Amino acid sequence: MAEHKYNVFVGSETGLLKGINIVRSSWDNLNSMEKADREKEICAMCWNNENESEICVGLKNQEIMIYDIPNKAFSGNFQFQGGKEKLKNVAKLNENIITAVDSGVVRVWKGDEITSEINAGQGLCKMAQDKSQANIIGTGGKENDLKIWDVNVPEKPIFHAKNVKNDWLNLRVPIWILDLEFFPGSKKVITCTGHHQVRVYDPSIPQRRPIMDIQFDEYPLTALSLRPNRDDQVIVSNTQGKMALMDLRKGQVVHIFKGFAGGIRDVQCHSSEPLVASCGLDRFLRIYDINTKQLMHKFYLKSRLNCLIFANKLSIEDEGQGEEKESGILKDSGEEQAYEADHGDEAVWNKLKVVQTKTIRKQKRQTYANETSVKVKRKTGEKEDSTERKKLKRNKKTNKSV
Amino acid sequence: MATRRNVTNEEEREDVQTIPAPNISRIKNKKLRSEAYRQMKREKKKMKIKERKRKQMEAEAMGDKAPPKKVQRTIENTRVYDETMVNPQDEEVAVDEAQDEMASYFNRETIPKILITTCDRPGQRTNKFCKELKKVIPNSHLYYRRGLDLKKIIPQALSRDFTDLLVVNENRKIPNGLVISHLPDGPTVHFKMSGVRLTTELKRAGELTGHQPEIILNNFNTRLGHSVGRMLACLFPHDPEFHGRRVVTFHNQRDFIFFRHHRYVFRNAKKVGLQELGPRFTLKLRTLQKGSFDSKFGEYEWVHKRHEMETSRRKFFL
């Protein structure tokens, strides 16, 4: 195959952008080694367009480069003036680029011009964009609590979180948001903090304090990623190399992923497959299956890794055509699709099946009703028994008195 | 045919008079049994020696054509494959290392200046050990901790141009930990320290001279090993004074780093004499942390997780 497709892109501390092909378990540096420079450390990445053919790469020296995947080249770059602050995040809004630096200045760029500027406050650590509403962004950082902004209204945030109540010693709880994400399809936001808390905020209700506050381990939580298609589970990771799947309904750890040696910098879930990728200071990219909790792939990428993005549009099956499929789950789904394509008439039969299940349900209902009636009878029987016992007791008492 | 064969077999069995092998465990008298057992052991040993001698003789007789000696299998040479093993030709690692926090030392832009301190209220042994460490490392300064926080010491050390901070920790008055923090923003390593022997406890330890030592770093081959090796090299100045014949060794074997300090002498063209000088100790890596010392909020590059990582005896990280 002449064309080499990549499933995951990873930005490293040496300024190298790495493309990883999961199926072939191979990886390449996408920019040349001579340009590798710590001053050009990749701080943030996002997709430049909807069909995921270009990546927006934000560098430490306040430069943004666009990497064109089909042409395998950096197509454009522009220097944005952010002073000496460190770039924290980039995002895409229609044709514009949103940048956030750690002094809290969030700017929207149209080409080289600033269209709007938000001052989110000192110590910004993370800016995140709502995937369903691109003009909504959330910011947070050290002593800089969660704020949700509309990019078109830069003066005042839509939502401004309030710190939790003082602790049992009546001391103020410090704030340090390290990562945040919007729940898809709802206004809720989830954050993780440097003081190992995971918090959920709901701007749609009057309460400004978090509606949920969970703690995990003892070290700063650096990254989080919501499990796709399920808004009750989240994957968080910390600086000691612990990545955990947490349940937001119970507020408990479901599973701790094994195998990390160093702190994790970024965690991303695949939007359709049950995969989660993580990268960090131990120079490894690891990809786990969320359902089976198995380590699927592990790549040693030689540099400390800062950020990663999954190619969601490029499904893993497409890549694996004519080659060995990766996991049983993927294989099954692929087979099903092929099957449907071949046998169009099958749909009719499927419908019939649905009817059949209904009848089964009816039968079940009947049986259930029968059972319940029996239960009721039993209960009444018990009641009768108890009344009898009481009578007996009374008799005994009377006997005694006699 | 089949029947005939059986018959012949039976005949053969009758012909061969088999003497059952003496089963020692059947002997019921304990004294006799143990005697028989010893006898058996002795014979086995004899046979073994005989066999070895025979092989030796054969090898000598064959001369150069003799098959090469078998290499003994050790847990080091059957080490589990590690993909982070650094290839010297690797461009990316070279680029990474050329720009890391220790690069200024290797580019000869900074001269190492080391601050040695201990835990709060150190024991006598720890104090003695620190004094010896001060003698070993050139341009090092020993300060009493005075109950200061490490995070408060670091800015002070920075203002006085220290390049490294060494902290010796102890437990029950025995030094058992070593923290090396490279300044200003270099990595911090935490070692477990064991087997500390002071110069006074060594037999025939030599007198120390003030020459700058040579450094030997052995077997730091993985990417992690490289980082640790570079940190240890950072403690000593460039340009050793060779006429001092002083040498400091950090020898890594099975993830234990052995520190030795010698003076060598070339006796003749073949023989080299070694005299041990300074203290002796062994280090084992616990954590490698990015940035200066911050155990709570710092990001760790590598953490030793005992039960998770130690899956095989033949797996090493340095």
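Two strands count as paired if DSSP finds at least two bridges between them. With that in hand, here is a set of close-up views of this predicted model.

**View 1. Strands β18 and β19 of chain A run side by side in an antiparallel pair.** Strand β18 of chain A covers residues 197–201, and four bridges link β18 to β19 of chain A. For a landmark in this view, look for A:V200, which stands opposite A:M212 in β19(A).

**View 2. Another open sheet in chain A has four strands in the order β3-β2-β1-β28.** The pairing here is antiparallel. Why do β3 and β28 of chain A each have one side left without a neighbour in the sheet? Both β3 (26–29) and β28 (305–310) stand at the edges and have a single partner strand each, so one side of each strand has no neighbour in the sheet. The twist in this sheet averages 20 degrees from one strand to the next. Inside the sheet, β1 (residues 8–12) and β2 (residues 17–21) of chain A form an antiparallel pair over four bridges. Along this pair, A:V10 has A:K18 in β2(A) as its bridge partner.

**View 3. Chain B meets chain A through 25 residues of chain B and 38 residues of chain A.** About 2,600 Å² is buried between the two chains, with 48% of that area on carbon and sulfur atoms. How many salt bridges cross the interface of chain B and chain A? The rule finds nine. One to pick out joins the side chains of B:D96 and A:R38, with an N to O distance of 2.5 Å. Polar contacts between chain B and chain A come to 17 residue pairs, with both residues at pLDDT 80 or more. On the side of chain B that touches chain A, the elements giving two or more residues are α3 (91–98), α7 (223–233), β11 (299–303) and α8 (306–309) of chain B. Which of them gives the most to this side of chain B? That is β11(B), with five residues. Sorted by class, the side of chain B that touches chain A holds six nonpolar, five polar and 14 charged residues.

**View 4. A salt bridge joins B:E35 and B:R38 within helix α2 of chain B.** The closest N and O atoms of B:E35 and B:R38 are 3.4 Å apart. Helix α2 of chain B spans residues 30–62, and the two residues lie three apart along it, about one turn of the helix. Over all chains, the salt bridge count comes to 35.

**View 5. A cis peptide bond runs from B:L183 to B:P184.** Omega for this bond is near 5 degrees. To find B:P184, follow chain B into the loop between β4 (174–182) and β5 (188–197).

**View 6. A:E143 has a positive phi although the residue is not a glycine.** Its phi is near 50 degrees.

Terms used: Residues numbered from 1 in each chain as written. Chains lettered and ligands numbered in written order. Predicted model: local features only at pLDDT ≥ 70, side-chain atom pairs only at ≥ 80, totals over all residues. Heavy atoms only, no water. Axes fitted to C-alpha atoms, helices over the stretch in contact; angles between N-to-C directions. Contact = heavy atoms within 4.5 Å. Buried area = accessible area lost by both parts, 1.4 Å probe. Salt bridge = Lys/Arg side-chain N within 4 Å of Asp/Glu carboxyl O. Polar contact = N/O pair within 3.5 Å; in protein donor to acceptor, adjacent residues only side chain to side chain. Nonpolar A, V, L, I, M, F, W, Y, C, P; charged D, E, K, R; others polar.
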